[in-house]
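Colleague: Before we discuss any details, could you put the sequence and the model on the screen, so that we can go through the side chains together?

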Amino acid sequence: QVMLVESGGGLVQAGGSLRLSCAASTRTFSNLAMGWFRQTPGKEREFVASISRGGDTLRYLDSVKGRFTISRDNAKNTVYFQMNSLKPEDTAVYYCAADLLVWDGSPTYWGQGTRVTVSS
């Protein structure tokens, strides 16, 4: 079992930045492909970004390309999500997710979520 704990959410003005972190409790973090999803009330959870085990393959939702950056530190069992130029439409609960070996879009493990609110 892998536990994922997110941190770094909060309230920020439009144009501002936040960095989310997700710490994984596992001795095999390097075997996990990691990603971030987000969800707003009344909508389905949507994929935002993913990163492969070695960090060489990155994927992003089109609307966040150029603004958000996913990265990982395998030595610290942590994945990061730098969000710049935030917009009110980025407001959501952000969830960290993990999949074994390869990211297939249907993660096996989920964090509890951290709320991001962007004011206009």
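**Aromatic pairs and arginine contacts**

Modeller: The structure, which is a predicted model, holds six aromatic pairs.

Colleague: What is the geometry of the pair formed by Trp36 and Phe81, stacked or edge-to-face?

Modeller: The ring centres of Trp36 and Phe81 are 5.6 Å apart, and 10 degrees separate their planes. Because planes under 30 degrees apart count as stacked, the pair of Trp36 and Phe81 is stacked.

Colleague: How many residues apart in sequence are the parts that this pair ties together?

Modeller: Trp36 belongs to strand 4, which spans residues 32-39, whereas Phe81 belongs to strand 8, which spans residues 78-83. The pair therefore ties together parts whose separation in sequence is 45 residues.

Colleague: Does the accessibility make Trp36 and Phe81 buried or exposed?

Modeller: Buried means under 20% relative accessible area. Trp36 has a relative accessibility of 0% and so counts as buried, and Phe81, with a relative accessibility of 0%, also counts as buried.

Colleague: Why is the pair of Phe37 and Phe47 described as edge-to-face?

Modeller: The ring centres of Phe37 and Phe47 lie 5.8 Å apart. Planes over 60 degrees apart count as edge-to-face, and the pair is so described because the planes of Phe37 and Phe47 stand at 80 degrees.

Colleague: Which residues form one aromatic cluster with Phe37 and Phe47?

Modeller: Phe37 and Phe47 belong to one aromatic cluster of named residues.

Colleague: Over which rings does Arg45 lie?

Modeller: Arg45 lies over the face of Tyr95, at 3.7 Å from the ring centre. The charged end of Arg45 also sits over a second ring, 4.7 Å from its centre, and that ring belongs to Trp110.

Colleague: Which backbone oxygen does the side chain of Arg67 reach, and at what distance?

Modeller: Arg67 lies in the loop between strand 6 (58-60) and strand 7 (68-73), and with a relative accessible area of 10% Arg67 is buried. Leaving aside residues up to four places away in sequence, Arg67 touches several residues, among them Gln82, Asn84, Ser85 and Asp90. The side chain of Arg67 reaches the backbone oxygen of Ser85, at 2.9 Å.

Methods. Residues numbered from 1 in each chain as written. Predicted model: local features only at pLDDT ≥ 70, side-chain atom pairs only at ≥ 80, totals over all residues. Heavy atoms only, no water. Phe/Tyr/Trp six-rings, centres within 6.5 Å; stacked < 30°, edge-to-face > 60°. Helix = DSSP H or I, 4+ residues; strand = E, 2+ residues; numbered from the N terminus. Buried < 20%, exposed > 50% of the residue type's maximum accessible area, 1.4 Å probe, protein only. Lys NZ or Arg CZ within 6 Å of the ring centre and 35° of its normal. Polar contact = N/O pair within 3.5 Å; in protein donor to acceptor, adjacent residues only side chain to side chain. Contact = heavy atoms within 4.5 Å.
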